[in-house]
Amino acid sequence: MNSTQRVRGPVTRRRGWHILEAPEDPGVEKANRRRRATEPRRRAWHILEAPTGEQPAPDATTELGPALPDEATVNFVLDLVLRVGEVQMASGAGASDVTATILSLTSAFGLPHCEVDVIFTSITVTCHRGTDANPITALRVVRSRSLDYTRLSQTEMLVQQILRGHLSAEEAYTELHKITTAPHPYPRWFATLAWGGMAFFITLLLSGTLDVAVGALIISALIDRLGRLLNRVALPFFFQQAVGGLVATGLATVAVNTDLVPSRFSTLVAAAAITVLLSGLSTVSAVQDAITGYNVTAAGRTMETVLMSAGLITGVALALNIAKALGFTPAEPVLPAQTANSLLVIVPAGAAAAACFAIASYSTLRSMLVAAAAGAIGAGVYGALVIVGQFDVITSSAVAAVVIGFSGGVLARRLKVTPLVVAVSGITPLLPGLSTYRGLYELATQSNGNLSTLIKAAAIGLALAAGVVLGEYLAQPVRTGLGRLERKLAGPRMAGPLRTTERRLE
């Protein structure tokens, strides 16, 4: 029996041909009603559960279910799609994106009945093979996470080629192996320079001077090289974040006490370095997973973000307490006054900071240019709301993030850029580095310090992440209008295909 064949019974139509019959006898109808009244009452489930003798029994030798390729081909396809999902998870894609990608690929390769389970550290795929064959299950553990957006973008292009029928499973496996084993497109020292450049432009965005921005560049570059050295000895990332916060705050304090930079700008050095350390956290993916219903993965990513933030807070607080014990003057968190003319610096500085983050994450040139545009839009909207509109920073951050997510969702795929790259890079200049440092400064130096400023910093980060996801969701009908009007909303998509395919494996 083919998978498309079904057992068909007699069809009862409401409006069929009328058959001429003799008129009914009223006496016979009354007798039938009395007889039905004396019969036991049948419930709804009695009607649904008809006697088994009245149902056609299927042939015992008939296999039910889809006709699938042989077992070796199924194992090969499952291993391929798991490796694709691993690249996406390691690059920070959401669990819903990974699930949609795997289901699209398995359907394209002729495995239409598959189940996918994605959690924070592993991906499981099960292929059902009918009633007479056992299902095949494959699992892959996501052991490492790294920011390599070139690898993610190339994997996205590979997925699109598979869905369009341009590559077979064997060819796709070979191309994926080349992508995952290729070296980074830029040398490591260039990425270190990009991290420093990001701190440089964030200092300018906060109305710092050029000499302060150079100091932030040097400190952030030193932190990156120190973190790479600690990574070689397999030091956990919690302690790497603590060391980074300690070095950033400690060097800013030294700069204050040695008059290397003006004291009123010294806090910007620490704030820029802290923003760089916050930029690698997977806040956007955690919020996306929570919104789309992948609560286990959202909990894991949230815990990772909280732990990394706690390490950073520990390092900053330790540096402030050491400075206080040694009698040094800590860098007081004071933000220079900003006017409407500051937007002339804020917009290009936001664009440059987002571009530097994209380069530090090994993005392609096209992705870097789109990320720079997203950074300029986000910084411009945020600056206009805070400086001109006099809105609070949380509302301004949320609105700017929605605009970034909307712009990236509409234009990124048409420009052949992954929306995740645009979203994360675009909100990077708006991360609450200064608010985090101010909250820790109040706790370390004031006897009546409270957690309100730190909670405000956390609220800004949540507003940025949720705003990006909302903007991507709102962009779907617009993107649909630009493409096909009949495409329905399927949830926020930061990575992976937008729709599944019906192509089958030959």
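User: Where should I place Ser122, that is, in which strand does Ser122 lie?

Analyst: Helices (H or I, at least four residues) and strands (E, at least two) are DSSP runs, numbered from the N terminus. Ser122 belongs to strand β2, which covers residues 122-127. Before we go on, this is a predicted model: local features need pLDDT of at least 70 and side-chain atom pairs count only at pLDDT 80 or more, while totals for chains, interfaces and linings use all residues. Residues are numbered from 1 along each chain as its sequence is written, and side-chain values use heavy atoms, with hydrogens and water left out.

User: Is Ser122 buried or partly exposed?

Analyst: The scale is relative accessible area: buried is under 20%, exposed is over 50%, and partly exposed is in between (1.4 Å probe, protein chains only). Ser122 has 10% relative accessibility, so Ser122 counts as buried. Thr124, also found in strand β2, is buried with a relative accessible area of 19%.

User: Which residues does Ser122 touch, and which ones are in contact with Thr124?

Analyst: A contact means heavy atoms within 4.5 Å. Not counting residues up to four places away in sequence, Ser122 touches Asp117, Arg140, Val141 and Val142. With neighbours within four places in sequence left aside, Thr124 is in contact with Glu115, Val116, Asp117, Thr137, Ala138 and Leu139.

User: How many helices and strands are there in the protein chain, and what share of its residues count as buried?

Analyst: The protein chain has 18 helices and three strands. Of its 506 residues, 46% count as buried. Among contacts between residues at least 6 apart in sequence, 75% join residues at least 24 apart.

User: Which residues have the most contacts inside the largest nonpolar core?

Analyst: A nonpolar core is a set of buried Ala, Val, Leu, Ile, Met, Phe, Trp, Tyr and Cys residues joined through side-chain atoms within 4.5 Å. The largest one here has 110 residues, and Leu78 and Ile123 have the most contacts inside it. Helix α13 gives the largest share of this core, eleven residues. Leaving aside neighbours within four places in sequence, Leu78 is in contact with Leu111, Val125, Cys127, Ile136 and Ala138.

User: Which helices does the pair of Arg188 and Asp224 link?

Analyst: The side chains of Arg188 and Asp224 meet in a salt bridge (3.1 Å, N to O). Their link runs between helix α7 (residues 188-205), which holds Arg188, and helix α8 (residues 210-232), which holds Asp224, 36 residues apart. Arg188 is partly exposed, at 26%, whereas Asp224 counts as buried at 12% relative accessibility.

User: What separates Glu175 and Lys178?

Analyst: About one helical turn, because they are three residues apart in helix α6 (residues 169-181). Glu175 is partly exposed, with a relative accessible area of 34%.

User: Turning to the surface, which residues form a nonpolar patch?

Analyst: Patches are made of residues with over 30% relative accessible area and no salt bridge; like charges are joined within 9 Å, and nonpolar side chains (Val, Leu, Ile, Met, Phe, Trp, Tyr) within 5 Å. Leu246, Leu318, Ile322, Leu326 and Phe328 form such a nonpolar patch, with about 440 Å² of accessible area together. Accessible areas come from the Shrake-Rupley method with a 1.4 Å probe, and for residues only the protein chains shown count as cover. Phe328 is in the loop between α12 (295-325) and α13 (343-360), and is partly exposed at 41%. For the protein chain, the accessible surface comes to about 26200 Å², of which 60% belongs to carbon and sulfur atoms.

Notes
A salt bridge is a side-chain nitrogen of Lys or Arg within 4 Å of a carboxyl oxygen of Asp or Glu.
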